[in-house]
Amino acid sequence: MKWIYIAAGIALFVIFLLRPNPAPDSGDISIVKSVVEDSGVPNAVTGIILRNRLYDTIFEVVVFTIAVMGTRFLLTDERPFCTIYQFTDEPSIILARLGATITALVGIELAIRGHLSPGGGFAAGVAGVTAIGLVAITSSTEWMQGIYKRWHTSRWEKVSVLVFIVLSVITLAGVELPHGELGTLVSGGVIPLLNILVAVKVALGSWAVVLLFIHYRGLL
């Protein structure tokens with residue numbers, strides 16, 4: 001039976017190799033141009049993620065939320081780690097905090113202008129949590145926990161998810177904001193708002209995971 005599966009796989013592979021690639025008779029119509037016109041943003045990738053396949057993106061955000069909740073649930077029963085590994089020498093601390101500042105500014109730029117140039121909410125969120133991680137390895141754990149609780153970060157994370165889902169459902173229902181002028185900062189309708197919400201969600205959710213790993217494992 002195993003050889004039948006192997007032979008079938010080889011035959012299927014050969015068929016794919018020999019089969020001509022059907023080119024659609026689209027004339028001068030460009031798929032990228034169509035996406036840009038439909039979404040109202042120059043970044044076609046963002047247009048696809050936050051408009052053409054917005055349904056999938058909703059569940060990507062939900063899956064990330066579940067992953068954060070799962071990390072919190074799985075680590076709750078573990079004993080806190082006694083030794084926290086951090087930078088102690090002054091040059092490393094200065095360089096890490098300088099890198100955190102630059103990375104945070106890049107993350108903000110990616111979130112705000114992700115619909116105009118390469119970037120977007122997920123990339124901005126990763127940049128944001130990178131900045132948070134660089135600060136975490138140079139600062140007191142208690143100080144980081146204090147900031148997280150003082151600004152009610154966990155609550156803002158949940159609010160960003162709920163607002164993202166509500167705006168996405170409204171968009172999928174056919175209600176869209178005016179696209180504005182193509183190429184300007186205020187364009188693309190609701191897409192820039194969705195980008196910012198995704199960035200906030202990814203950054204704050206990852207911040208919670210970073211704090212959990214520091215507290216329970218002593219590592220980032």
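A pocket, as the word is used here, is an open set of grid points with protein on both sides within 12 Å along at least five of seven lines, and its lining residues have an atom within 4 Å of a point. With that in hand, the second largest pocket of this predicted model turns out to be lined by R72, Q145, Y148, K149, A208, L211, L212, H215 and Y216. Two helices, α7 and α9, each give two or more residues to this lining. The largest share, five residues, comes from α9.

Next, the largest pocket. Here the volume is about 400 Å³, and 20 residues make up the lining, with A104, I108, G128, I132 and A203 lying nearest the centre. The elements that supply two or more of these residues are α5 (90-113), α6 (121-136), α7 (141-150) and α9 (191-217). As for the kind of residue, the lining of the largest pocket holds 17 nonpolar and three polar residues, and no charged ones.

Helix α7 turns up in both linings, and it is worth a look of its own. Its buried residues are T141, M144, I147 and Y148. Looking down the axis of α7, these buried residues fall within an arc of 130 degrees, so they line one face of the helix. The background to this pattern is simple: an α-helix has 3.6 residues a turn, so residues three or four places apart point the same way. What covers the buried residues of α7 includes α4 (54-75), α6, α8 (153-172) and α9. Over on the other side of α7, E142, K149 and R150 are exposed. Y148, then, is buried and also part of the lining of the second largest pocket, while K149 belongs to that lining too but is exposed. After α7 comes H152, with a positive phi near 50 degrees.

Elsewhere in the chain, V35 sits in helix α2 (residues 31-39). Is V35 buried or exposed? With a relative accessible area of 7%, V35 counts as buried, because the cut-off for that label is under 20%. Setting aside its neighbours within four places in sequence, V35 is in contact with G40, A44, G47, I48 and N52. P178 lies 143 residues away from V35 along the chain, and the C-alpha atoms of the two are separated by 16 Å.

Conventions:
Residues numbered from 1 in each chain as written. Predicted model: local features only at pLDDT ≥ 70, side-chain atom pairs only at ≥ 80, totals over all residues. Heavy atoms only, no water. 1 Å grid on protein atoms, 1.4 Å probe; cavity = no way out; pocket = protein on both sides within 12 Å on 5 of 7 lines; lining within 4 Å. Points joined across faces, edges and corners; volume = space filled by probe spheres on them. Helix = DSSP H or I, 4+ residues; strand = E, 2+ residues; numbered from the N terminus. Nonpolar A, V, L, I, M, F, W, Y, C, P; charged D, E, K, R; others polar. Buried < 20%, exposed > 50% of the residue type's maximum accessible area, 1.4 Å probe, protein only. Contact = heavy atoms within 4.5 Å. Arc of directions from axis to C-beta.
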